[in-house]
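Colleague: I have not seen this structure before. Could you show it to me and take a few questions?

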Amino acid sequence: MTAPVRTEDSQEARGSRETRGSQELIRAEGPVLAHNYHPLPVVVARAEGTWVEDVEGRRYLDMLAGYSALNFGHRHPALIEAAHRQLDRLTLTSRAFHNDRLAEFAERLAALTGMDMVLPMNTGAEAVESGVKVARKWAYDIKGVPAGRATIVVAADNFHGRTTTIVSFSTDETARAGFGPFTPGFRVVPYNDLAAMEAAVDETTAAVLIEPIQGEAGVIIPDDGYLAGVRELTRRKGCLFIADEIQSGLGRTGRTLAVEHEPVVPDVLLLGKALGGGIVPVSAVVGRREVLGVLHPGEHGSTFGGNPLAAAVGTAVVELLETGEFQRRAAELGVILRDGLTGLVGKGVVGFRSRGLWAGVDIDPALGTGREISERLMREGVLAKDTHGSTIRLAPPLTITGEELRGALAALEKALG
Ligand SMILES: Cc1ncc(COP(=O)(O)O)c(C=O)c1O
């Protein structure tokens, strides 16, 4: 697609020490960087809004948005300003002291999500780990599960992060192989299967932990009524409902939270990615007072969790979401995305699932792997990434315009041609 014309000389404006070209930089990474990712062969040097620019000055439309960490686009002015202001004042205290930004962040995030309390962390995986710990503690302290026997019911094909405990309940062998021994206490049931969940939940169950939409699995949307069913089941059986909204939350699906589509209120929400505005890692466990209230001083923590810079950026993110503008954009532009993809079915697309500005697109395997299609898209000036096999995930910044979105769809059609 046609990229907007640059107005400044990238070499000068970059102001970077780096003078090596893309190919050279990619080669240089090989011997010194652990190979835990397989990035597309593009080396991004700068970005603004929905566009990124590589070291040679080529521009690409970002249709991945940092796996939803960039819901507000790159370097959103309000977020950059909040970060700059805070950088000039105070960046870190640790939680050994109070800082003057944290109360407002917690108050506003709790109000936005309709919850009582916030446990601030940094990465998504940390929020999940923290949610698991809180659920277990709640099971022992409040529910009365015998010590050491708490279980958590999770869904097959989940993605909740990469720590040892989290991969303990992954069903993706690539994520697990070679990393055992694993943490016990998890029961895996098929996603979107209430009967299986009913059978797995018993008196030892602390919580059910699911993604309201499974992102990494390929944007898998459960049947209508599934989330409400999980809510009813967990309430009836006396265990917690933890919704991992780290990728699905904060505007992506056209609502603040993906669970609102039912509508359902879980006991605990896990948030991350976009909460840091694409600037700093910010995550949080947000929940009812009865649940998060089980933590006492010394029982859990993080040096950087709730730091003033993160709290300032997180507050600015919440402020953007309070306007409702981004949720509205995701819902409205989501119609263009859905209609555009519908038009591609039978033309290289064999099926897709979408909600708001989020889609998992299954490409005809005869045309190439998801990776190959992503590389073809890259050559068309659009960055997206495969998930599994021939599925490509589209998740542009919620600031994308209708015209840009139509351009991305046209590029996809070309890449499939
Ligand atoms: C649903 C979900 N939970 C947790 C995580 C882990 O987040 P992080 O990579 O910040 O640790 C991810 C990341 O993709 C995710 O999609």
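Colleague: Is the crossing of helix 5 and helix 12 left-handed or right-handed?

Modeller: This is a predicted model. In it, helix 5 and helix 12 cross in a left-handed way. The residues in contact include Phe105, Arg108 and Leu109 of helix 5 and Gly314, Thr315 and Val318 of helix 12.

Colleague: What makes helix 5 roughly parallel to helix 12?

Modeller: Helix 5 (residues 102–113) packs against helix 12 at an angle of about 30°, with the axes 9 Å apart. Angles under 35 degrees count as roughly parallel, so helix 5 is called roughly parallel to helix 12.

Colleague: Why are helix 4 and helix 12 called roughly antiparallel?

Modeller: The axes of helix 4 (residues 77–87) and helix 12 cross at roughly 155° and come within 9 Å. The cut-off for roughly antiparallel is over 145 degrees, and therefore the term applies to helix 4 and helix 12. Their crossing is right-handed. Among the residues making the contact are Ala82 and Ala83 of helix 4 and Val313 and Ala316 of helix 12.

Colleague: Which residues touch the most other members of the largest nonpolar core?

Modeller: Val208 and Val313 do, in a core of 113 residues. Helix 12 (residues 308–322) gives the most to this core, with 10 residues.

Colleague: How do you know that this core lies between domain 1 and domain 2?

Modeller: Domain 1 (10–68 + 325–416) and domain 2 (77–322) both give residues to the core, so it lies between them.

Colleague: What does Val208 touch?

Modeller: Leaving out residues up to four places away in sequence, Val208 touches Val153, Met197, Val201, Val230, Thr234, Cys239, Phe241 and Ile242.

How values were computed: Residues are numbered from 1 along each chain as its sequence is written. This is a predicted model: local features need pLDDT of at least 70, side-chain atom pairs count only at pLDDT 80 or more; totals for chains, interfaces and linings use all residues. A nonpolar core is a set of buried Ala, Val, Leu, Ile, Met, Phe, Trp, Tyr and Cys residues joined through C-beta atoms within 7 Å. A residue is buried if 20 or more other C-beta atoms lie within 10 Å of its own, exposed if 12 or fewer, and partly exposed in between; C-beta atoms are placed from the backbone. Helices (H or I, at least four residues) and strands (E, at least two) are DSSP runs, numbered from the N terminus. Domain bounds come from an automatic or database domain assignment. Two residues are in contact if their C-beta atoms, placed from the backbone, lie within 7 Å. Axes are lines fitted to C-alpha atoms, for helices over the stretch in contact, and angles run from 0 to 180 degrees between N-to-C directions. Angles under 35 degrees count as roughly parallel, over 145 as roughly antiparallel, 65 to 115 as roughly perpendicular and the rest as oblique. A crossing is left-handed if the near helix is turned anticlockwise from the far one by less than a right angle, and right-handed if clockwise.
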